[in-house]
Amino acid sequence: MKDQLSQFGEAFRDPQLARSMVTQLKTSARTPMRIMEVCGTHTMAIFRHGIRALLPPTVTLLSGPGCPVCVTDQNDIDGFIALAQREEVIVATFGDLMRVPGTYTSLQCEKAEGADVRVVYSPMDAVQLAQEHPDRTVVFLGVGFETTTPTIAAAILTAQQLKLSNFCVYSAHKTVPQALAALMKHPQVRIDGFLLPGHVSVIIGMEAYRPFFEAHATPCAAAGFEPLDILQGLLMLARQIEAGRPALENAYPRAVTEAGNPKARAIMNQVFVACDARWRGLGEIAGSGLAIRPEFSQFDAARRFKIAVVDMPPPKGCACGEILTGIKTPPECPMFRKRCTPMDPVGPCMVSSEGTCAAYYRYSS
Amino acid sequence: MKSDKILLDHGSGGKLAHQLTTEVLMPMFNNPFLAQLHDGAVFEVDNGRLAFSTDTFVVDPIFFPGGNIGDLAVNGTVNDLAMCGAVPRYLSMGLILEEGLTFADLKRVLESVRTALDRAGVLLVTGDTKVVPRGAADRLFINTSGIGVVPEGVTIGATGAQIGDAVILSGNMADHGIAVLTQREGLRFESGVTSDTAPLNGLVQAILAVCPQVHVLRDPTRGGVGTALNEIALQSGVGVVLEEAKLPVSPAVAGICDLLGFDPIYLANEGKLLCFVPAGQAEAVLAAMREHEFGRQACIIGRTVSDHAGRVVMQTAIGGQRIVDMLAGEQLPRIC
Ligand code: SF4
């Protein structure tokens with residue numbers, strides 16, 4: 001399977017095809033346009049493949065709020081840390097969250113102080129941890145968009161089948177379409193088109209964006225993460241913008257369908273229900289979060305531990321909010337590369353593997 | 001009753017410690033220097049300058065596909081010496097054993113140490129063993145130090161790269177990093193990827209035979225090829241241009257990296273080397289490397305330039321360009 005995977009990748013990295021698409025993009029994008037790649041994985045792929053250097057000067061790429069770690073509210077990060085500080089708790093998390101600074105400390109620092117924090121690679125690993133440690137409570141930190149949520153829902157269902165009383169999830173999940181609408185309503189944000197995330201679209205399908213598209217009539221194209229996928233998405237957007245004819249297009253038909261993945265969506269809806277959620281940099285967005293349904297309340301860490309959220313301000317001087325909305329680029333933050341580096345980050349955008357500041361730090365001078 | 005596990009008393013300096021040395025360690029590495037059981041070893045060296053290196057190995061897990069902490073500890077120091085252009089001769093080994101380690105595991109590691117020593121043609125001439133209480137170490141830590149002789153006329157250092165050099169990599173990147181990673185708690189899966197741990201002194205001799213004036217040699221271990229190249233660019237004050245399409249990565253490693261969001265250029269290698277040689281000699285060096293068992297997939301991955309001194313820039317496969325910075329902190333798997 002691994003061999004097929006990488007060959008698959010190679011087909012979408014063909015230099016000649018790329019060159020011809022870049023030429024088409026140059027002829028299509030004549031007027032200046034601001035395109036937002038919503039997703040952090042796109043941001044990283046764009047930098048990694050050097051796509052920025054290939055674009056005509058008329059195309060400005062903005063990085064959006066699609067890095068799940070970056071948009072996690074400071075209070076949730078503090079909540080994660082508070083859980084890790086409890087004697088009886090094992091915190092299980094994806095590695096991305098380890099170095100994210102909370103108000104006073106990070107999970108990594110707490111681990112060094114003796115907190116039991118384990119990096120896992122799938123939510124099922126956390127369920128297994130709970131089975132192996134019946135005398136402790138395993139809390140899985142649920143951070144992510146629609147891509148990750150179905151697997152976390154599946155983990156909760158498994159825990160229920162196994163009658164595990166020592167497993168729960170802190171749900172800080174978010175959904176993408178609601179964030180797009182919030183961006184369009186933001187007074188300072190100016191976006192001419194959205195490059196929609198591939199993985200999320202695989203799950204929710206093109207139809208999930210329709211209400212947003214109908215309300216805002218902004219050019220949209222869903223794209224995969226190979227360089228040619230991204231160029232194809234940008235080309236579709238440039239043509240829509242140039243012609244003044246917004247559309248909701250799919251540049252990733254080999255993976256994304258109109259209806260998405262019904263099975264994944266069903267499992268997600270079985271366990272989670274939409275709720276209002278606070279986003280770092282964007283504030284509260286109605287209906288943009290996913291809470292664990294009351295039927296599964298025993299698996300809900302927030303309820304189980306009654307985490308008291310103390311409203312703390314984000315770190316002083318950190319421009320994460322403006323970075324996540326595309327108002328500023330990282331070099332415009334006074335702390336970038338100075339006070340704030342991946343080794344000693346001020347904000348999550350500098351430490352997440354999909355963070356915009358991390359991408360600028362790593363891949364550009 | 002004789003225990004099948006390491007006890008704290010094995011480090012006491014008493015009877016059990018003596019048994020550990022005479023019954024386990026000595027038979028494994030016996031040679032006239034070590035047999036003296038003196039506080040140090042006295043040995044002859046050839047003409048030339050000496051190279052001296054030390055490294056401590058704390059890899060987790062200690063057994064992984066393609067090797068274990070034992071061969072890693074020998075090869076690591078052998079390679080550090082080889083990267084100075086030296087012929088490695090003598091090694092020391094310090095063992096830190098955690099109480100409760102089984103003799104079976106210890107012996108398995110020591111067998112690998114012996115095989116690696118033989119393969120590299122070096123002698124273990126002095127050593128030390130400590131036992132620490134359970135929890136004070138993670139099963140087994142190994143320190144190795146080594147001495148090698150640098151032949152006349154060979155001057156290799158990190159500052160030696162010159163404008164116009166060809167940058168050669170001896171084989172596929174990231175095999176060791178992926179082999180170890182896929183055995184870690186939480187991620188255990190069969191990837192078929194094995195560690196590339198290997199002694200590189202023979203390969204270095206083959207290179208020096210055709211090109212004594214090699215400018216830089218470096219084994220890109222932790223931090224990978226990306227970090228090693230950055231260090232060389234900085235120390236030598238040259239710019240490096242890499243060609244993504246030429247970077248050798250096995251399909252299995254590329255697939256796993258895609259899945260986990262890792263960049264193979266930052267993952268560890270244990271049996272690969274980078275060399276900077278004058279462009280005119282690049283083909284001859286390449287041919288010599290490909291003749292050697294550890295250099296079969298050697299290829300030219302880039303060159304040095306006078307622009308952007310101290311920086312590494314990648315020409316991406318689709319024709320774009322980006323900076324390759326040093327790795328900041330260990331790569332962590334992404335969320336989606
Ligand atoms: S550079 Fe650091 S401080 Fe500035 S916005 Fe990015 S993460 Fe925040």
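1. Strands β4 (residues 87-98) and β6 (residues 140-150) of chain B run antiparallel and are joined by 10 bridges. One specific pair can be named in this predicted model: G94(B) has N143(B) in β6(B) as its bridge partner.

2. Both strands belong to an open sheet of 4 strands in chain B, ordered β1-β6-β4-β5, with mixed pairing. The edges are β1 (49-57) and β5 (123-132) of chain B, each of which pairs on one side only. On average, neighbouring strands in this sheet are turned by 15° against each other, direction ignored. As background, strands of a sheet pair through backbone hydrogen bonds, in either a parallel or an antiparallel manner.

3. The space that the ligand takes up is the largest cavity.

4. How many residues of helix α3 (residues 40-48) of chain A are buried? The count is 8 of 9, and the helix is mostly covered. The buried residues are G40(A), T41(A), H42(A), T43(A), M44(A), A45(A), I46(A) and F47(A). After α3(A) comes G50(A), which has a positive phi, near 65°.

How values were computed:
Residues numbered from 1 in each chain as written. Chains lettered and ligands numbered in written order. Predicted model: local features only at pLDDT ≥ 70, side-chain atom pairs only at ≥ 80, totals over all residues. Heavy atoms only, no water. Buried < 20%, exposed > 50% of the residue type's maximum accessible area, 1.4 Å probe, protein only. Helix = DSSP H or I, 4+ residues; strand = E, 2+ residues; numbered from the N terminus. Pairing = 2+ DSSP bridges. Axes fitted to C-alpha atoms, helices over the stretch in contact; angles between N-to-C directions. 1 Å grid on protein atoms, 1.4 Å probe; cavity = no way out; pocket = protein on both sides within 12 Å on 5 of 7 lines; lining within 4 Å. Sits in = over half its atoms within 2 Å of the grid points.
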